[in-house]
Amino acid sequence: MLEVTPIPVLQDNYTWLLHRAQSDRAIVVDPGEAAPVAKALEGFGLKLDGILITHHHGDHVAGVGELTGNGIPVYGPADSTIPHLTHPVREGDQIELPAVQAKFDVLAVPGHTLDHIAYYGEGLLFSGDALFAGGCGRMFEGTPEQMQGYLAQLRELPDDTLIYCGHEYTLANLTFAAAVEPDNPAIADRLERVREQRQRGGITVPSRMAEERATNPFLRWDQGTAADNAAAHAGHALTTPAEVFAALRAWKDNF
Ligand code: ZN
Ligand code: FE
């Protein structure tokens with residue numbers, strides 16, 4: 001079985017550690033800091049065999065340089081300026097990682113940054129800052145059309161897909177979700193669960209796609225009362241999914 005372990009780095013980032021029980025090789029996703037990753041590898045008795053990067057932000061790549069001393073492969077977006085990449089990849093590529101006996105498809109998920117990619121395979125999605133538990137990243141570089149476009153694609157992934165995102169933002173995201181759809185019991189339930197988890201110091205990631213579809217406002221432009229309430233908040237009619245997305249994103253940015 002492919003095991004995925006969180007390594008908390010920086011303020012609220014997660015670097016994901018992938019390995020299989022019978023092997024001493026590991027892959028990490030988005031090492032925003034080297035020391036905690038090196039410490040985790042040593043603690044588990046694992047050798048680093050590859051790095052996957054989702055986008056160019058420092059909190060996802062800053063540890064790469066220190067971790068690549070032994071010339072291991074570094075996968076990341078081709079249309080980017082990320083240093084230390086050895087394997088630039090783009091939408092449609094599939095990467096094979098013998099160290100963890102896994103294959104991942106590369107998905108383009110532009111908007112938070114234009115270079116943003118996600119890795120999907122083995123029933124897992126490594127989504128970086130493109131899709132969070134209960135939310136999505138801020139739109140720093142792309143357009144609402146781009147972001148809503150990839151969210152519509154991600155929403156089609158199987159119910160049981162486990163989503164490993166880059167930050168512990170779930171409580172704030174669901175607090176916002178509950179403001180968008182105050183009448184949605186699935187959101188209220190999840191908010192309560194996440195609040196309890198966080199009070200105990202627990203980690204709220206990964207989440208399942210079915211749960212995201214039911215509670216993440218950025219996947220609900222045509223569901224429940226999300227679009228109506230976004231329009232009411234914006235003060236004008238919203239006629240396309242991208243307009244609903246833009247209104248929700250702007251609302252969340254000032255929430
Ligand atoms: Zn980012
Ligand atoms: Fe980030």
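Leaving aside its neighbours within four places in sequence, which residues is valine 109 in contact with? Select valine 109 and have a look: the list is His116, Ile117, Ala118, Ala130, Tyr150 and Leu154, where contact means heavy atoms within 4.5 Å.

Before going on, some housekeeping. This is a predicted model, in which local features need pLDDT of at least 70 and side-chain atom pairs count only at pLDDT 80 or more, while totals for chains, interfaces and linings use all residues. Residues are numbered from 1 along each chain as its sequence is written, chains are lettered from A and ligands numbered from 1 in the order in which they are written, and side-chain values use heavy atoms, with hydrogens and water left out.

**Stop 1: around valine 109**

Keep valine 109 selected. Its place is in the loop between β8 and β9; helices (H or I, at least four residues) and strands (E, at least two) are DSSP runs, numbered from the N terminus. With a relative accessible area of 1%, valine 109 is buried. For that label, buried means under 20% relative accessible area, exposed over 50%, and partly exposed in between, using a 1.4 Å probe and protein chains only.

**Stop 2: the zinc ion**

Select ligand 1. This zinc ion is coordinated by His55 (NE2), His57 (ND1), His112 (NE2) and Asp129 (OD), at 2.2 to 2.3 Å. Donors are N, O and S atoms within 2.8 Å of the metal (3.2 Å for Na, K and Ca), and since water is not among the atoms, sites may look incomplete. Along the sequence, the zinc donors are spaced H-x1-H-x54-H-x16-D. Two of them link distant parts of the chain: histidine 55 is in the loop between β4 (47-52) and α2 (58-61), and histidine 112 is in the loop between β8 (102-108) and β9 (117-121), 57 residues apart. Histidine 55 and histidine 112 are both buried.

Why is the arrangement around the zinc ion (ligand 1) irregular? Its four donor atoms subtend angles of 87 to 171°. Four donors count as tetrahedral if all angles lie between 85 and 135 degrees; four count as square planar and six as octahedral if opposite donors are over 155 degrees apart and all others between 65 and 115; anything else is irregular.

**Stop 3: across to the iron ion**

Click on aspartate 129, which coordinates both the zinc ion (ligand 1) and the iron ion (ligand 2); the two ions are 3.1 Å apart. Now centre on the iron ion. Asp59 (OD), His60 (NE2), Asp129 (OD) and His167 (NE2) coordinate it at 2.1 to 2.3 Å, with the spacing D-H-x68-D-x37-H along the chain. The four donor atoms around iron subtend angles of 83 to 169°, so this arrangement is irregular too. Histidine 60 is buried, at a relative accessible area of 1%.

**Stop 4**

Colour α5 (residues 170-180) and α6 (residues 185-199). Their axes come within 9 Å and cross at roughly 155°; axes are lines fitted to C-alpha atoms, for helices over the stretch in contact, and angles run from 0 to 180 degrees between N-to-C directions. The two helices are therefore roughly antiparallel. Angles under 35 degrees count as roughly parallel, over 145 as roughly antiparallel, 65 to 115 as roughly perpendicular and the rest as oblique. Residues making the contact include Leu171 and Leu174 of α5, and Ile187 and Leu191 of α6.

Next, bring in α9 (residues 241-253). The axes of α5 and α9 come within 11 Å and cross at roughly 120°, which makes α5 oblique to α9. Among the residues in this contact are Phe176 of α5 and Trp251 of α9.

**Stop 5**

Most residues other than glycine have a negative phi, and most peptide bonds are trans. Select aspartate 30, which has a positive phi of about 55° although it is not a glycine. Aspartate 30 lies in the loop between β3 and α1 (34-44) and is buried, at 3% relative accessibility. Glutamine 101 also has a positive phi, near 45°, but is partly exposed, with a relative accessible area of 49%.

Finish at valine 205 and proline 206: the peptide bond from one to the other is cis, with omega near 10°. Proline 206 is in the loop between α6 and β12 (207-208).
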